[in-house]
Amino acid sequence: MTTPALPADIAFIERDWLSANHIMLRDGTGATLIDTGYGKFNAVTLARVAETLDGWGGCELERIINTHIHSDHIGGNAELQRQHRGCSIAVPAAEQSALVHWDSPEQMLSYADQQAERFAWDEVIDAGQTLRLGGEEWQTIATPGHDMGSLVLYAPRLRILIAADALWEHGMGFVPPQAIDAAALPAQRATLERLAALDVALVIPGHGPMFTDFRGALARAMAKLEALAADDLRVARSVVKGMFVYSMMWRETMPRAELPDYVARVGVHRDYNAQFFRMSNEAYAEWLCAEAVKTGRVRIEGDRLVSV
Ligand SMILES: [Zn+2]
């Protein structure tokens, strides 16, 4: 099945697993950008945004909206605001306290060995609001779980869902183990149930291409979530593995000898090891390294780990 074309005032910019996808929406001479990628790749973000603005006859970037505050969704905020003077930043209202306490463990920033430039926001968006973007009305929907403050946007007339990390074609963003955050998994389950009530023809996810099989994606995400609900240790393993592979992707390389110190220093590894695995730093580092290699995204080259 071919993916339906988007209206001319809506642009989808697909990125990758390090940087979340962007969605741009034009209203007259102004444009809104949803999510801004991972900071290390700001040059790509700026170029892709500029390309879209040029394609729209030199329209101005007026507003950034973040679906949630993970590093791969907010990384370009500060730089884009410097480059596009007058551009405002809107964040979900439920993310404000996390932003005030910048870099708390829940944000999975330095706690998960990720980086993002701090930014000031100009506006907050609540769940249940209607926003006019790209000439269409979008409802904001709370999607706690993967991130407890996250919002998604739904256009009933177009039947389009901007799903961020609440729903991907094959799964969803990580959900922490119940022993770490008892509220997250039930919240994600309720989020999927809430989304299931929508009439959706096209999903624009936070990562991966757009897709039309909304019902299939919901079923896959729910099955995955229930499998995780039954096995907290499996969740813990997949979170630390995912975080390490992500860090390797932006770091690109790391001396193997540094790994025991690294896992003792980085919060998610230190705390999850203490709570779930109870290995020495050396044994945990070795296990993590082997698991990362198994994913095919990291390989060992002599005395270094490199991302593939
Ligand atoms: Zn996320």
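Ala 163 touches Val 152, Val 203, Ile 204, Pro 205 and Gly 206, leaving aside residues up to four places away in sequence. This is a predicted model. Ala 163, Val 152 and Val 203 are also among the residues with the most contacts inside the largest nonpolar core. The protein is divided into two parts, domain 1 (10-229) and domain 2 (234-307).

**The nonpolar core**

- The largest nonpolar core has 77 residues.
- Those with the most contacts inside this core are Val 152, Ile 162, Ala 163, Leu 167, Val 203 and Val 240.
- Helix α7 (residues 232-251) gives the most to the core, with nine residues.
- Both domains take part: at least three core residues come from each of domain 1 (10-229) and domain 2 (234-307).

**How the two domains meet**

- The C-alpha centres of domain 1 and domain 2 lie 27 Å apart.
- In the contact between them, 14 residues of domain 1 meet 14 residues of domain 2.
- On the side of domain 1 that touches domain 2, 11 residues are nonpolar, one is polar and two are charged.

**Helix α1**

- Helix α1 covers residues 42-55, which makes 14 residues.
- At 1.5 Å a residue, α1 should span 20 Å, and its end C-alpha atoms are 20 Å apart, so the two values agree.
- The buried residues of α1 are Asn 42, Thr 45, Arg 48, Val 49 and Leu 53.
- Ala 43, Ala 47 and Asp 54 are exposed, on the face of α1 turned away from its buried side.
- The cover over the buried residues of α1 includes the strands β1 (10-13), β2 (22-27), β3 (30-34) and β4 (60-65).
- Helix α3 (77-83) is also part of that cover.
- Gly 57 follows α1, and its phi is positive, near 75°.

**Helix α5**

- Helix α5 has 13 residues, 184-196.
- Ala 184, Leu 185, Gln 188, Thr 191, Leu 192 and Leu 195 are the buried residues of α5.
- They cover an arc of only 110° around the axis, so they sit on the same side of α5.
- The buried residues of α5 pack against α6 (214-229).

Definitions and conventions
Residues numbered from 1 in each chain as written. Predicted model: local features only at pLDDT ≥ 70, side-chain atom pairs only at ≥ 80, totals over all residues. Helix = DSSP H or I, 4+ residues; strand = E, 2+ residues; numbered from the N terminus. Expected span 1.5 Å × (residues − 1). Buried ≥ 20, exposed ≤ 12 C-beta atoms within 10 Å, placed from the backbone. Arc of directions from axis to C-beta. Contact = placed C-beta atoms within 7 Å. Domains from an automatic or database assignment. Nonpolar A, V, L, I, M, F, W, Y, C, P; charged D, E, K, R; others polar. Core = buried A, V, L, I, M, F, W, Y, C linked by C-beta atoms within 7 Å.
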